[in-house]
Amino acid sequence: MAQTVPNTEPASFVSGDTVAWTKSLPDYPASAGWLLKYRLINAAGKIDIIASAVGDDYAITISAATSAAYVAGEYTWQSYVEKAGERYTLETGRTFIK
């Protein structure tokens with residue numbers, strides 16, 4: 001059974017699972033060359049994630065093999081966009097890796 005892909009960052013996920021969500025950023029469309037990135041940080045280190053462009057929108061997918069290497073715990077995250085030397089922080093939050 002196919003799962004619906006959410007359009008918000010996950011509040012939690014299980015290490016070893018595939019994790020996916022989408023984002024629509026009208027002020028920073030992927031089609032205009034913007035890159036959407038995420039950084040998760042905790043005492044164990046940092047995790048960098050780069051979204052894929054899908055038209056004007058973004059798809060964020062963390063493979064099961066990649067997430068299996070993530071250390072369980074609470075992380076703070078921030079999302080930001082970059083293009084031609086510009087960088088803008090968009091949102092911040094927390095997620096828990098189980």
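**Close-up views of a predicted model**

At 33% relative accessibility, E91 counts as partly exposed (buried is under 20% relative accessible area, exposed is over 50%, and partly exposed lies in between, with a 1.4 Å probe and protein chains only). The model shown is predicted, so local features need pLDDT of at least 70 and side-chain atom pairs count only at pLDDT 80 or more, whereas totals for chains, interfaces and linings use all residues. Residues are numbered from 1 along each chain as its sequence is written, and side-chain values use heavy atoms, with hydrogens and water left out.

**View A. E9, K23 and E91 form a network of salt bridges.** A search of the whole structure finds five salt bridges (a side-chain nitrogen of Lys or Arg within 4 Å of a carboxyl oxygen of Asp or Glu). Side chains of opposite charge can pair when their charged atoms come close. In the pair of K23 with E9, the closest N and O atoms are 3.4 Å apart. This pair links distant parts of the chain, since K23 belongs to strand β2 and E9 to the segment before β1, 14 residues apart. In the pair of K23 with E91, the closest N and O atoms are 3.2 Å apart. Here strand β2, which holds K23, is linked to strand β8, which holds E91, and the two residues are 68 residues apart. K23 counts as buried at 13% relative accessibility, and E9 is also buried, with a relative accessible area of 16%. Helices (H or I, at least four residues) and strands (E, at least two) are DSSP runs, numbered from the N terminus.

**View B. R94 and E74 meet in a salt bridge.** The N to O distance between these side chains is 3.9 Å. R94 lies in strand β8 and E74 in strand β7, so the pair ties together parts that are 20 residues apart in sequence. R94 counts as exposed, at 55% relative accessibility, while E74 is partly exposed, with a relative accessible area of 47%.

**View C. Five strands make up an open sheet.** The strand order is β1-β8-β7-β3-β4, and the pairing is mixed. Strands β1 (12-13) and β4 stand at the edges, each with a single partner strand, so one side of each is left without a neighbour in the sheet. Strands β1 and β8 run parallel and are joined by two bridges (two strands pair if DSSP finds at least two bridges between them). The bridge partner of F13 in β8 is I97. Strands of a sheet pair through backbone hydrogen bonds, either parallel or antiparallel.

**View D. Strand β6 pairs with β2 and with β5.** β2 and β6 are antiparallel, with five bridges; V19 has I62 of β6 as its bridge partner. β5 (residues 52-54) also runs antiparallel to β6, with three bridges between them. In this second pairing, A53 has Y58 of β6 as its bridge partner. β5 and β6 form a hairpin with two residues between them, and G55 in the turn has a positive phi of about 65°.

**View E. The side chains of β6 alternate between two faces.** Y58 and I60 are among the residues with the most contacts inside the largest nonpolar core, together with L36, Y38 and I49. This core has 20 residues (a nonpolar core is a set of buried Ala, Val, Leu, Ile, Met, Phe, Trp, Tyr and Cys residues joined through side-chain atoms within 4.5 Å). The elements that give two or more residues to this core are β2 (19-23), β3 (35-42), β4 (45-50), β6 (57-62) and β7 (73-83). Apart from its neighbours within four places in sequence, Y58 is in contact with residues including W21, L25, Y28, W34 and L36 (contact means heavy atoms within 4.5 Å).

**View F. S67 is a buried residue of helix α1.** The helix covers residues 64-67, and the relative accessible area of S67 is 0%. Leaving aside neighbours within four places in sequence, S67 is in contact with F13, V14, S15, G16, D17 and I62.

**View G. A84 has a positive phi in a residue other than glycine.** The phi value of A84 is near 45°. A84 lies in the loop between β7 and β8 (86-97). A84 is exposed, with a relative accessible area of 77%.
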